[in-house]
Amino acid sequence: MLTIILYSLSVFAYFIDFLQNNRKANRLAFWFLSIVWVLQTIFLLLRAFQFERLPLLTPFEGLFFYAWAMVTLSLIVNFYFRVDFLVFFMNVAGFSLMAVSLFMPTGNLSPVWEDILTSELLILHVTLIILSYAGFTVAFACSMLYLIEHQMLKKKKWGKRLLRFGSLNKLDRFSYVATMCAYPLMLLGVILGFIWAYSGDGGHIIPIFDPKVLGSLAVLVFYGAYLYQKTVKGKQGYSMAFYNMLGFLILLANYLLTSEWSSFHIWSV
C-alpha cells in the first residue's frame, strides 16, 4: 500500500510539473519514483525467496513486473534523456498497471501448475515478453507525444510547454528505437514459448490456433511491418506515429482480452 501511495504522489507531482512547468515538483516526483522502484524491487525479491521461483507466472506477478519495468525505464529516461513529458506519460501507464495488479489474486500457483510452469524456458519466455511489452509501451508514449506536439505546431501553439515535449525528430527516433529493441525480445519470447510447449516440460499443450498465440503473431506481423516501413522505406512522421499507436492497441487487446479464451495461458502473457 505504501508503494502505491508513493507512486500516486509521484504521478501527481509530475502532473503539477506538466501543468505549471514546476521544477521542484519534477524533482520531488523523481525522488518519489526512485523510492517506489526500491520498494518494488524489494517486494519482487522477497516474493522470489518466499516461493523459491522468479515472481512472474501469476497475473498479479506479471502486471507487477510490467509496472516495475516501466518504473525502471522511466528513471533511465528521466536521468539520461530529460524528456519530461515522456516520463509523465510512462508513469501514468506504469501506475495504471500497478493499480490493476492490486485487484489480482496474490497467492501462489497450485502445486500442480507450479510443477508444470516452473521451467527455466517458460520463465525466460515470460520475462522476454513482459520486457517487450514495456518497450512497446515506451514507443506508444513517444508516438502519442509526437501526435500531440504535431497538432500543437500545426495550430501554432508556441510556449515553454512545447519545448518540454522534445523535438519531433527526437520523439520519432525514440519511438523507433524502443520498438526496434522490443521487437526481438517479443520474437525470442514467442519462439521460446513454442519450444517450451513442445518440449517435455510443456506437455505439448499449445494449440497453434489458440487466440493468445494468434494474437501474439498478429502483434509481431504488425510491428514487423512498422519496422520494415521505417528501416527499408525510410518512412517517418505523423503517419508512422499513428501506425505505432495502432500497433500498441493491438498488443493491449492481445494482453487483456485473448487470455479469456486461451486454453493454456493461465499466466500473465
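How many nonpolar, polar and charged residues does the lining of the second largest pocket have, by class? The lining has 14 nonpolar, 2 polar and no charged residues. Here Ala, Val, Leu, Ile, Met, Phe, Trp, Tyr, Cys and Pro count as nonpolar, Asp, Glu, Lys and Arg as charged, and the others, Gly among them, as polar.

The model is predicted: local features need pLDDT of at least 70, side-chain atom pairs count only at pLDDT 80 or more, and totals for chains, interfaces and linings use all residues. Residues are numbered from 1 along each chain as its sequence is written, and side-chain values use heavy atoms, with hydrogens and water left out.

The second largest pocket has a volume of about 310 Å³. A pocket is an open set of points on a 1 Å grid over the protein atoms alone, where a 1.4 Å probe fits, with protein on both sides within 12 Å along at least five of seven lines; lining residues have an atom within 4 Å of a point. Volume is the space filled by probe spheres set on the points, which are joined across faces, edges and corners. Of its 16 lining residues, Ala 93, Ser 96, Leu 97, Phe 248 and Leu 252 are the closest to the centre. H3, H4 (84-101), H6 and H10 (238-256) each supply at least two lining residues. The largest share, 6 residues, comes from H4. Helices are DSSP runs (H or I, at least four residues), numbered from the N terminus.

The largest pocket holds about 380 Å³ of space. It is lined by 19 residues, and the closest to its centre are Leu 73, Gly 135, Val 138, Ala 178 and Cys 181. Helices H3 (59-80), H6 (120-154) and H8 (168-197) each give two or more residues to this lining. By class, the lining has 17 nonpolar, 2 polar and no charged residues.

Just after H3, Arg 82 takes a positive phi of about 55°.

Beyond its neighbours within four places in sequence, Met 186 is in contact (heavy atoms within 4.5 Å) with residues including Ile 129, Phe 136 and Leu 220.
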